[in-house]
Amino acid sequence: MVFLDVIRAEMKFVYADIFRRRALLLMMVLWPYLMTLFIVFLGSTLGSIQVFINRFGVNPVPFFIIGSFILLSTLGVLDDIMWKPLYDEMVGVLPYILSSPINRILYYVALPIPRLLIVFLVGMTSVLPILYLFYGLKGILLTFVTMLLASFAALVFTPFVIVCAMLTYIIGGESWRALNVIRPMLFILLGIFYPRWLLPLTLFIVSNILPAAPVVELIQRILLNIVASQGEVLSLLGLAIALGFLYLAPARRLVSSWERRKIREGVRI
Amino acid sequence: MIAMGIAIEVHNLVKRYVTKERRGLIKGKKRVVEALKGISFSVKYGEIVGLLGPNGAGKTTTIKILATLLLPDEGEALVEGYDVVKEANEVRKRIGLMLTVEKGFYGKLTGRENLEYFAALYNIPKKIARKRIDILMHLLELDKLGASDRLFEEFSLGMKARLALARALLRDPPVLLLDEPTLGLDPPSARKIRSLVRELAKNGKAILYTTHNMFEAEIVCDRILLIDNGVIVAQGTPQELKDRIPKLRTIELSLLARDVTPALEALKSIELINDVKVLQSDEMTILKILTSKPEDIVDDVIQVITKHGYEIKRLRIEEPTLEDVFVYITSRTS
């Protein structure tokens with residue numbers, strides 16, 4: 001009940017933010033297209049689309065449109081969780097949130113869900129038409145499977161992101177700059193724009209600490225038609241869930257530590 | 001166990017801030033600033049206690065500690081018997097908080113949406129929240145001002161203050177912490193807030209009200225704590241505080257002259273005159289003569305002024321204000 005109330009509250013904030021800023025909504029709709037266009041254009045000037053198809057067995061356009069969607073949903077979680085306290089402090093809302101009796105871990109887990117729902121709708125305007133164009137009716141099914149999996153990846157990613165955000169705040173203080181360092185690092189480790197198993201071994205091992213990484217891998221395997229068995233699907237999903245839960249306890253502890261630190265310093269009003 | 005009738009209890013509260021003073025590009029020196037130096041007070045249910053003092057006196061620090069937004073270094077603060085450090089969550093359920101008026105809401109949400117947002121954060125069930133918001137919108141005349149459907153970023157300062165008070169009252173808390181709630185407001189909005197605060201106290205709420213506006217403290221608060229440099233220098237009802245200073249009053253003289261130096265020495269030699277302040281304008285000089293018995297010396301003053309050939313444009317005798325009390329007490333303690 002409390003969890004739903006927080007989602008309801010955050011929905012108001014996110015929807016007002018997006019729907020009352022038309023440019024932002026338009027940007028969200030266009031973003032997967034622009035990203036795909038940019039990568040495919042860059043790739044075709046350096047090499048050829050046919051080489052990509054021969055090597056990976058998939059056309060780069062659907063591959064990158066799905067990649068853009070995964071990026072929007074998973075790294076959107078990072079943006080939401082790392083950005084919201086900074087924004088709240090800037091507009092003077094943070095003291096009221098910190099002095100509210102709301103369950104903090106529920107609050108932070110609920111934070112990215114409203115935007116995730118909008119991202120899901122954005123998927124209908126980008127992933128769906130492209131996959132339908134390339135795969136016909138099978139593309140519609142593929143769209144829903146990949147979008148559901150990407151949203152699932154975002155959800156299991158949330159506790160890790162909370163850990164990341166709170167550690168950054170505790171060690172380096174609240175700063176927009178930290179977000180600009182962490183975002184590309186996670187972007188590389190998640191292996192969104194290339195099959196994750198092609199990462200150098202060290203990075204591949206490190207990427208296994210990210211709960212979203214196995215789901216991203218699963219989406220890519222489905223897209224490249226290289227899913228071995230039902231067992232493999234379940235083990236990747238199970239690994240993601242287990243990792244997600246693993247980060248919940250430290251996330252809870254770090255949120256309290258950060259709040260204690262804020263309160264010791266004095267919350268800015 | 002909650003002391004009978006006492007909502008807020010503060011004992012020997014101390015807060016120190018550590019600031020870093022820069023010396024050149026690399027060097028820095030830590031400096032400890034003592035914002036609160038062991039203050040103690042209490043607030044009863046149905047009482048408005050004013051925390052009155054200049055900027056940097058420690059008013060907001062006190063409010064922040066009571067609102068669980070700042071940890072004290074020493075001492076104890078209790079809200080309805082719950083410790084603000086050890087039982088912060090219990091305290092949070094019992095307080096309504098109003099901090100700076102111009103910030104604290106989301107600009108892209110309407111007044112109603114903002115209140116609904118905070119109602120959800122305060123775990124108020126949806127139906128109850130809606131009813132409560134309707135009542136508060138009406139009570140604070142926010143509905144008349146169209147605040148319900150207007151974005152917060154389009155609000156006037158007066159509307160923002162009313163909305164901030166509405167948020168503080170969302171949960172109908174027994175304790176209200178209001179930090180300079182009328183700062184920068186237009187007179188109608190300030191008056192509305194003040195009358196509502198008085199009404200809330202009548203209904204039994206314990207209210208801690210900070211301000212640096214002496215006039216406001218005098219008309220709103222049942223009891224005033226004068227705070228300066230982290231120390232409560234005096235406390236009592238406004239009348240009690242006024243009675244604490246010697247009955248110093250001011251004879252204000254407006255003279256049509258620019259240089260009145262020759263008369264000043266003669267004025268200061270009159271017995272019963274405590275001090276003479278000179279204010280200069282283009283054509284006029286205003287003399288403020290502080291004395292305990294203005295009626296006894298006014299003739300002597302006029303005599304001295306006319307003897308020096310100055311024309312008196314206006315003469316009046318002023319009663320002491322709370323501001324005089326504050327200046328008198330703080331000048332003595334410093």
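Predicted model: local features only at pLDDT ≥ 70, side-chain atom pairs only at ≥ 80, totals over all residues.

Me: How do you know that the span of α12(A) is close to what is expected?

Reply: Helix α12 of chain A covers residues 230–265, which makes 36 residues. The expected span is 1.5 Å times one less than that number. That gives 52 Å, and 52 Å is also the reach from first C-alpha to last.

Me: Where is the kink in α12(A)?

Reply: The kink lies at A249(A), shortly before the proline P250(A). Its angle is about 30°, taken between axes fitted to the seven residues ending there and the seven starting there.

Me: Why are residues such as W258(A) in α12(A) called buried?

Reply: Buried takes 20 or more other C-beta atoms within 10 Å.

Me: What makes up the largest nonpolar core?

Reply: This core has 157 residues. Among those with the most contacts inside it are A153(A), V215(A) and L66(B). Helix α8(A) gives the most, with 17 residues.

Me: Why is this core said to lie between domain 1 and domain 2 of chain B?

Reply: Both domains give residues to it, so it lies between them.

Me: What does L66(B) touch?

Reply: Its partners include I8(B), V79(B) and L208(B), leaving aside residues up to four places away in sequence. A touch means C-beta atoms within 7 Å.

How values were computed
Residues numbered from 1 in each chain as written. Chains lettered and ligands numbered in written order. Helix = DSSP H or I, 4+ residues; strand = E, 2+ residues; numbered from the N terminus. Core = buried A, V, L, I, M, F, W, Y, C linked by C-beta atoms within 7 Å. Buried ≥ 20, exposed ≤ 12 C-beta atoms within 10 Å, placed from the backbone. Domains from an automatic or database assignment. Contact = placed C-beta atoms within 7 Å.
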